[in-house]
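Have the viewer open as you read.

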Amino acid sequence: MAHAATHDEHHDEHHEHLNFFQRWVMSTNHKDIGTLYLVFSLLMFFIGGSFAMVIRAELFKPGLQLVQPYFFNEMTTMHALVMIFGAVMPAFVGLGNWMIPLMVGAPDMALPRMNNLSFWILPFAFALLLSTLFLPGGGPAGGWTMYPPLSLQSASTAYVVFAVHLMGISSIMGAINIIATILNMRAPGMDLLKMPVFVWSWLITAFLLIAVMPVLAGAVTMLLTDKYFNTHFFDAAGGGDPVLFQHVFWFFGHPEVYIMILPAFGIISEIIPTFARKPIFGYKAMVFAIASIAFLSFIVWAHHMFAVGLPLGAEIFFMYATMLIAVPTGVKVFNWVATMWGGSMTFETPMLFAVAFVILFTIGGFSGLMLALVPADFQYHDTYFVVAHFHYVLVTGAIFAIIAATYYWIPKWTGHMYSEFWGKMHFWNSVVWVNVLFFPQHFLGLAGMPRRIPDYNVAFANFNMISSIGGFLFGASQLIFVGVLIHCVWFSKKKATDRVWEGAKGLEWTVPSPAPHHTFSIAPVVHDEELAHGHVED
Amino acid sequence: MTAGGIGKHGIRVGKHFKHAIGALIAASGLFGGAVLANPQPGQMNLTPGVTTYSEIPYALSNDGAIVCVAIGILVFGAMFIAMYRFRKSRGAVPEKWSHNTKLEIVWTTIPVIILVCLAWLATDGLRKFSDTTGSQMTVKVTGYQWKWRYDYVDYLGKPLSHVGFMSKLDDRSNATRQLDSGLDPYAVKVGDENTYLLDVDHPLVVPVNTKIRFVITADDVIHSWFVPALGWKMDAIPGVVNAAWTNITVPGVYRGQCAELCGQDHGFMPIVVKAVSKEDFDKWLADQQKPAAPAPAATAAAPAQATAQLAPKQTSQG
Amino acid sequence: MQLDHQTLESEQAQRVRRARRTAAAVGIVALVVFVVSIVQMFWLQHHPQAHAQAVKEALMQ
């Protein structure tokens, strides 16, 4: 296989002739577009992070010191929208763009021009969304869930709806491209059940996107017509039902949270075997677990709505379905531990983040299990317990996986090694402060502090202050990350080898570092023993 | 055994275990009694509450936490052992195996069994909560931007009318919570209790040892009626009437807040439930029923029947 | 004898052609989901009794 790949080296570096505009704005190359996605996502991560800093600063102590309550609500709303649609999702699409063709031995994505379009929609979508903050009526302040009637009181509904439509179109096109690439562009011999788990996780995620992004688009379209075109989908006075929106929204929303975590599972399933120098434990079980989680995600949406007054039968059904998700998720965690067991481990930065992911994501899973218990959820719902829960799964879950993936693959992208010392500094700071930030929020929630409030009783003061300190330091720690990236891309002198990591397996490591502009123009020959998960004989 | 001692032990074992053990201490019932039914500084667990039902979510939450901590210790324990034993620097040689069917069946089955147990407990509690029959009193709760309205519908089988009032943030909290007010939130007190943002002008007065049915709705946007000491919250949704019940066993003042984002003053529409003895409640009710009580009823301008309608926008206090 | 164009295509080109077909199919599915989600709400709004009845029958015990 290695020989097949090296042919590509001399194949044209013809992007050298392109100017900056042609190279980046008109690009149809999966690697360049992947880079664009990742850079965009990093930018959004810091914009969304700055909103979070405003939130934590206001909550530092009781009393309003910095912002008006309405602005606070704008911050919570925008923080969520920017982080979900601007940081996490584009980061995964970027990683998918970069790595999927390399992992399956395809020369590029199946539809390169559409790929360009699906990226370049995003800057406009977010320019539109963020511009609302500077408009006279202010930005959206009804929460990212946009529950009517509250969201219809906002002056910026139309902007938000249009922005969400654009993001949705971008995601759908990205998903179509990924499905078409994975199903059709694999090198001969790369059977579906030989694909890396990351590719599998993206294939399943892409199907989730296709199934639910149009539903979100439908829901926000109905919001728009309710506000401007006299329909009454969600207006009780006109015969509609505000709860209906919540059903439609969470039919999108729950699969959406798995859209943000399944590719993370894939990443962790690549990194742990590499640094344990042992094939992934239970490859088929891992793939099957991802698929069952994806399936279950469609029948658990109402667990976000236990307190809206559902009939008893519905509460029981959604509780059981939700608890069922713990089983495949548990299988994944056990399999990661079993992958480490009997390995020969080293702990470079990607592995450290992966290990932290397994532990901290599991803690988020535990609070998720507690939240599934309906009578207990009547206490937890819409308190900081929920905030702690989803930040454990999204920050120490999704974001940690994205960071781990960046450290893991950046030598392949740039041809240079990052600074291991500063990578570890980044890791230890992140992992300590993220816990200082989010763990006390469990206690706040249990004590009864509601979400999305700008000010609170003094009983909540001590944990809020601890949380805010953790927040500022976690935010600051991410500046180390930027420093490591800049150093790695432009200043690092240490050349990366083709394989980069001793235990790395899979097609992506057979191409040179940095990966040439065009790879696998001639399909590679796939040898089973070179694949990350070894032989699949069970 | 003191909490501090366990905490120290936790630090030695590892950061995550410390959290887990912290949760365990909290779960083992640090807080009990009526006085602690409201949020306390440093509170780390749910309140056991003060009603015939509120022990259920408390116990369920503790059971859930204990199960999670136990599984966490096993899984993370195995992981840390693996990370110690199978390090390359200790000369570990990677093994070749990548599956073990027996093991996989075991760790699929055991969680299922644990989940069935938890589901059984939760279903039991849920059934109890959803049974609103046999109530001796009905109170209608209506959410507005940004205050609550309480209408007493019936008591001991007798319909009540004209007993209803608006309940909004008390003036001291309201003055203190303004941006840069310069006032100290710690100074807002009722007796020894710090009531900043958790006090209202007119609390909901209810009798103890009475099964009270709440019918909950809203007038403008969605709110959520949440008092931790009662053990539940219920969304108040325009056009929808939700039902819930409580039966408070301990007299006292129980505080909560709106729990569903409802606009700029979402954080400033607290809920106060004052549970009094049946005799005191009778007296209070008689006072309320005196015709045209002038001053205190001024805020309750809207008649009780009008609250179900959706159109009128209430002006805010803020 | 007629030329079989498919056999003349390079393998890579064949894969791209199939990929376009897959993409079109998936895109149509997405569009259908979008339309159905709105039409269904529309229908529910005009048949409130049917909606309430269905919810009751499906979920009430």
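A quick word on UniProt annotations: positions are given in the numbering used here, feature names are shortened, and annotations may be inferred rather than shown by experiment. With that in mind, an unreviewed UniProt entry marks residues 134–287 of chain B as "domain: Cytochrome oxidase subunit II copper A binding". Helices (H or I, at least four residues) and strands (E, at least two) are DSSP runs, numbered from the N terminus.

Keep in mind that this is a predicted model: local features need pLDDT of at least 70, side-chain atom pairs count only at pLDDT 80 or more, and totals for chains, interfaces and linings use all residues. Residues are numbered from 1 along each chain as its sequence is written, while chains are lettered from A and ligands numbered from 1 in the order in which they are written.

The model scores ipTM 0.90 and pTM 0.89. For chain C, the average pLDDT (the predictor's confidence in each residue, from 0 to 100) is 76, with 69% of the residues at 70 or above. Within chain C, helix α1 (residues 5–8) has the lowest confidence, a mean of 58, and helix α2 (residues 11–46) the highest, at 87.

Now for the interfaces. Two residues are in contact if their C-beta atoms, placed from the backbone, lie within 7 Å. Ala, Val, Leu, Ile, Met, Phe, Trp, Tyr, Cys and Pro count as nonpolar, Asp, Glu, Lys and Arg as charged, and the others, Gly among them, as polar.

| Side of chain A | Residues in contact | Classes on chain A |
|---|---|---|
| touching chain B | 88 residues of chain A, 89 residues of chain B | 56 nonpolar, 24 polar, 8 charged residues |
| touching chain C | 30 residues of chain A, 23 residues of chain C | 22 nonpolar, 8 polar, no charged residues |

On the side of chain A that touches chain B, helix α12 (residues 326–340) of chain A gives the most, with 8 residues. On the side that touches chain C, the elements of chain A giving two or more residues are α6 (157–184), α7 (197–228), α8 (242–259) and α11 (312–324).

Inside chain A, helix α4 (residues 69–104) packs against helix α15 (residues 384–414) at about 30°, with axes 11 Å apart. Axes are lines fitted to C-alpha atoms, for helices over the stretch in contact, and angles run from 0 to 180 degrees between N-to-C directions. So α4(A) is roughly parallel to α15(A); angles under 35 degrees count as roughly parallel, over 145 as roughly antiparallel, 65 to 115 as roughly perpendicular and the rest as oblique. The contact of α4(A) with α15(A) has 12 nonpolar residues and no polar or charged ones.
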